[in-house]
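Morning, everyone. Please have the sequence and the 3D view open, and follow along with me.

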Amino acid sequence: MLAGIEAGGTKFVCGVGSGPDDLKTTQFPTSAPEVTLGNVIGFFKHEGRGNLEAIGVGSFGPVDLDRSSSTYGYITSTPKPGWSNFDLAGAMREGLGVPVALDTDVNGAVLGEARWGAAQGLSDAVYLTIGTGIGGGAIVHGQVVHGMVHPEIGHLRIPHDLSRDPFPGICPYHQDCLEGLACGPAMQARWGSPAGVLEPDHPAWALEAHYLALGLVNLTLSLSTKRILLGGGVMQQPQLFPLIRKEFARLLNGYVQHRSVLDDLDEYIQPPKLGGQAGILGALVLAESALA
Ligand code: ADP
Ligand code: ZN
């Protein structure tokens with residue numbers, strides 16, 4: 001039996017099982033680490049009944065994923081009280097006595113989608129969430145990308161035409177990076193109301209599609225990825241997908257000669273299939289990797 005955690009800034013989703021068919025989940029609010037992890041470990045001890053083999057954690061970050069680092073498995077810097085420099089992987093290992101694999105929440109989500117969802121069987125795929133922030137996880141040659149730290153796709157720098165969009169952006173580090181211009185709170189700050197209440201024909205959506213397509217084109221050009229999945233609160237707007245695909249094609253302008261980006265954009269850019277469960281299912285895939 002495998003255990004998984006999708007560790008978020010507001011809640012920890014915990015699950016046991018081996019996949020979508022037998023997954024059993026519960027969730028706890030993210031409060032002080034001792035309290036939250038007390039709840040989490042209690043749940044796994046009860047549900048695991050001594051049969052837990054490994055645990056996978058897809059976590060909010062930034063997290064230290066460098067196995068040679070003395071702070072491997074730590075949440076490094078976060079404004080969340082108590083969680084900065086917290087040894088999340090160590091706490092789980094100690095609490096449950098099983099191997100732990102930790103990764104970013106979005107790397108978890110892309111792993112889940114590649115196993116059971118909209119990127120099934122693909123060696124290369126990207127998962128982006130457009131929500132309170134923008135985050136992305138990537139699989140390249142069948143492996144999630146870590147590199148130096150881990151990708152921070154949300155903070156890609158993209159062209160910002162101030163005559164079209166004078167809004168300065170809200171990223172505390174870069175101001176008008178992709179997240180600073182296109183996350184949910186940026187839309188709310190620019191237009192004065194939450195993204196969810198803007199009419200489908202509001203000009204906000206064409207601008208949003210423009211920024212997201214700029215980010216996607218950069219991912220296609222740099223990773224030659226085979227599919228891009230777009231999830232998160234802002235992507236609950238169905239009119240965004242056709243706008244993004246059209247803008248993506250316009251920006252790429254036929255340069256990449258492959259049917260995926262010439263004829264099959266409906267497949268190439270699509271929503272995740274596992275809905276809210278991509279992260280927790282991906283955590284089970286991570287748990288499997290901890291066993292290996
Ligand atoms: P989080 O990123 O915190 O995990 P979400 O993915 O739900 O959470 O993203 C929250 C953001 O998505 C908020 O900025 C909110 O305004 C926006 N959002 C939520 N629902 C919708 C919707 N139906 N349409 C557009 N934007 C939405
Ligand atoms: Zn930024």
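**Starting from one threonine**

Find Thr-36 first. Thr-36 sits in helix H1, which covers residues 33-48. Keep in mind that this is a predicted model.

Is Thr-36 buried or exposed? The relative accessibility of Thr-36 is 0%. Buried means under 20%, so Thr-36 counts as buried.

Which residues does Thr-36 touch, once we set aside its neighbours within four places in sequence? Phe-12, Pro-29, Thr-30, Ser-31 and Trp-83 are in contact with Thr-36. Now look at Lys-11. In sequence, Lys-11 and Thr-36 are 25 residues apart. In space, their C-alpha atoms are 8.9 Å apart.

Next, the sheet beside this helix. Five strands make up an open sheet, in the order S3-S2-S1-S4-S7. The pairing is mixed. Strand S3 (24-29) and S7 stand at the edges. Each has a single partner strand, so one side of each has no neighbour in the sheet. On average, neighbouring strands here are turned by 15° against each other, ignoring direction. Helix H1 packs on this sheet. H1 touches S1, strand S2 (11-17), S3 and S4. The direction of H1 makes about 15° with that of S2.

Let's zoom in on S4, residues 54-59. How many residues of S4 are buried? The count is 6 of the 6, so S4 is largely enclosed by the rest of the structure. Both faces are covered. On one side we have Ala-54, Gly-56 and Gly-58, and on the other Ile-55, Val-57 and Ser-59.

What pairs with S4? Strand S1, residues 2-7, pairs with S4 in the parallel sense over 6 bridges. Two bridge partners to find: Leu-2 goes with Ala-54, and Gly-4 goes with Gly-56. Strand S7, residues 100-104, also pairs with S4 in the parallel sense, over 5 bridges. There, Val-57 has Leu-102 as its bridge partner.

Now helix H3, residues 105-116. H3 lies across S4 and S7, running at about 100° to S7. H3 also lies across S8, strand S9 (134-140), S10 and S11. With S9, the angle is about 50°.

That brings us to another sheet. This open sheet has 5 strands, in the order S10-S9-S8-S11-S12, with mixed pairing. At the edges are strand S10 (143-144) and strand S12 (269-270), each pairing on one side only. Strand S8 (residues 125-130) and strand S11 (residues 228-231) run parallel, joined by 4 bridges. Val-126 has Ile-228 as its bridge partner in S11. Helix H6, residues 203-223, lies across S8, S9, S11 and S12. H6 runs at about 155° to S8.

Last stop: the ligand. Which residues surround ligand 1? Among them are Gly-131, Thr-132, Gly-184, Pro-185, Gly-233 and Gln-237. An oxygen atom of ligand 1 is 2.6 Å from an N or O atom in the Thr-132 side chain. An oxygen atom of ligand 1 is 2.8 Å from a polar backbone atom of Gly-233. A nitrogen atom of ligand 1 lies 2.7 Å from a polar side-chain atom of Gln-237. How much of the ligand does the protein cover? On its own, ligand 1 has 570 Å² of accessible area, and the protein covers 57% of that.

Definitions and conventions
Residues are numbered from 1 along each chain as its sequence is written. Chains are lettered from A and ligands numbered from 1 in the order in which they are written. This is a predicted model: local features need pLDDT of at least 70, side-chain atom pairs count only at pLDDT 80 or more; totals for chains, interfaces and linings use all residues. Side-chain values use heavy atoms; hydrogens and water are left out. Buried means under 20% relative accessible area, exposed over 50%, partly exposed in between (1.4 Å probe, protein chains only). Two strands pair if DSSP finds at least two bridges between them. Contact means heavy atoms within 4.5 Å. Axes are lines fitted to C-alpha atoms, for helices over the stretch in contact, and angles run from 0 to 180 degrees between N-to-C directions. A residue is near a molecule or strand if one of its heavy atoms lies within 4 Å of it. A polar contact is a pair of N or O atoms within 3.5 Å; within protein, one must be able to donate a hydrogen and the other to accept it, and residues adjacent in sequence count only if both atoms are side-chain atoms. Accessible areas come from the Shrake-Rupley method with a 1.4 Å probe; for residues, only the protein chains shown count as cover.
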